[in-house]
Amino acid sequence: MGEPVGQREAGWRDGLRDVDDSLFDGREQQPVESEYASLTYEVTDRIARITFNRPHRGNTITADTPRELVEVVERADLDPEVHVILLSGRGKGFCGGYDLGIYAEADGSETAPRGPSTTGTVIDPIVQARNHNPHGQWDPMVDYAMMSRFTRAFSCLMHADKPTVAKIHGFCVAGGTDIALHCDQIIAADDTKIGYPPTRVWGVPSAGLWAHRLGDQRAKRLLFTGDCITGEQAAEWGLAVESAPADQLDDRTEELVARIARMPTNQLMMVKLALNSALDTQGVSTSAMISTVFDGVSRHTREGYAFQQRAATVGFREAVRERDEVFGDHKRNAMKDRSAGPTD
């Protein structure tokens, strides 16, 4: 750069590659040619942009999602050009949860993941479908071995060195909240639908983060009923750092991540580590372990089996409609399901 950093105005804002005697001098990164099944990745203006990219299925979670999410978060963490990680979803919503048709309808039809073969492993969808057979023997640890891998993968957003921001719109429900709640900041469209309806039957949020993010009473208010809140209410309750009208969400999000990106990377890392220590002390890891175990149990109760058998008979969407109708929000859920496919 020539001029000593102390003599340049705001020289501390220089990027890690821009300073004199940079640790990265002469060590240019090699381009990475990667195509992902569930998301896209790009870096612009110090921001790593991860975008869920299954809009035809409501960006639902498949076996590809955790592996790919961990890979791109690691790419962002290792890249000295990146100061902040932004997570969003393409299409009508952020994430509609897990693509559960294979388990609820037990049809074994899910497309195989693109990565290393999962055949014959605990995340083989056929193995898991067999383990969900109401007439068979349930192995809770095969169930836990599968679900805990999803939860640990999503936690990479919390444990990443750099700040993570989730931009949510349309819907962020069920397993989608397991992802978003691991981010350091959530910014939402005012009309976003946020919640965990599967607590009504056949599910417990495996991330175990609701009480940590919302406090005991508000977390129980949502999970005792399976009700959803809007993005605007999420901001009022402190679940989201702010909300905005849907047509302003992109601009407001870009303002936020641009402000974060102006900070030196080492400052961001130190602040995040210091603040995350409070979450560690609260027992986030223990909450995730207990919640993941109970998520498996909830799918193997009398009521859980009844829901699964009903889904196998009439289809997952119809079973979800019947689940939600008594709560008065089945029309909204059904509308989402028609556009997104089997989710939760």
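Author: Strand β7 (residues 193-195) and β8 run antiparallel, and 3 bridges join them. Please keep in mind as we go that this is a predicted model. For a landmark within the pair, find I194, which stands opposite I229 in β8. In general, strands of a sheet pair through backbone hydrogen bonds, and the pairing can be parallel or antiparallel.

β7 and β8 belong to an open sheet of 3 strands, in the order β5-β7-β8, with mixed pairing. The edges of this sheet are β5 (171-173) and β8 (228-230); each has a single partner strand, so one side of each is left without a neighbour in the sheet. On average, neighbouring strands here are turned by 25 degrees against each other, direction ignored.

There is another sheet to visit. It is open too, with 6 strands in the order β1-β2-β3-β4-β6-β9, and its pairing is mixed.

What does mixed pairing look like on the ground? E42 stands opposite R49 in β2. β1 and β2 form a hairpin with 2 residues between them, and D45 in the turn has a positive phi of about 50 degrees. For a parallel example, move along to strand β4 (residues 164-168) and strand β6 (residues 185-189), which pair in the parallel sense over 4 bridges. There, the bridge partner of V165 in β6 is Q185.

Helix α1 (residues 64-78) lies across β1, β2 and β3 (84-89), and runs at about 10 degrees to β1. In the segment before β1 you will find L16. Its relative accessible area is 37%, which is between 20% and 50%, so L16 counts as partly exposed. Leaving aside residues up to four places away in sequence, L16 touches S22, F24, P80 and T265. L16 and E81 are 65 residues apart in sequence, and their C-alpha atoms are 7.2 Å apart in space.

Next, let's look at helices meeting helices. The axes of helix α4 (residues 140-154) and helix α12 (residues 284-298) come within 9 Å and cross at roughly 130 degrees. That angle makes α4 oblique to α12, and the crossing is right-handed. D143, Y144, M147, S148 and T151 in α4 meet A288, M289, T292, V293, D295 and G296 in α12. The residues of this contact divide into 5 nonpolar, 4 polar and 2 charged.

D143 leads us to another spot. It is one of the residues touched by N131, along with Q137, W138, D139, V142 and H300, not counting residues up to four places away in sequence. N131 is found in helix α3 (residues 125-131). With a relative accessible area of 7%, which is under 20%, N131 counts as buried.

Helix α13 (residues 302-314) and helix α14 (residues 316-325) have axes that come within 7 Å and cross at roughly 130 degrees. α13 and α14 are therefore oblique to each other, and their crossing is right-handed. F307, R310, A311 and V314 of α13 make the contact with F316, E318, A319, V320, E322 and R323 of α14. By class, this contact has 6 nonpolar, no polar and 4 charged residues.

Finally, here is the setting for all these pieces. The protein chain has 15 helices and 9 strands. Of its 344 residues, 51% are buried. Among contacts between residues at least 6 apart in sequence, 70% join residues at least 24 apart.

Methods:
Residues numbered from 1 in each chain as written. Predicted model: local features only at pLDDT ≥ 70, side-chain atom pairs only at ≥ 80, totals over all residues. Heavy atoms only, no water. Pairing = 2+ DSSP bridges. Buried < 20%, exposed > 50% of the residue type's maximum accessible area, 1.4 Å probe, protein only. Contact = heavy atoms within 4.5 Å. Axes fitted to C-alpha atoms, helices over the stretch in contact; angles between N-to-C directions. Parallel < 35°, antiparallel > 145°, perpendicular 65-115°, else oblique. Left-handed = near helix turned anticlockwise from the far one by under 90°. Nonpolar A, V, L, I, M, F, W, Y, C, P; charged D, E, K, R; others polar.
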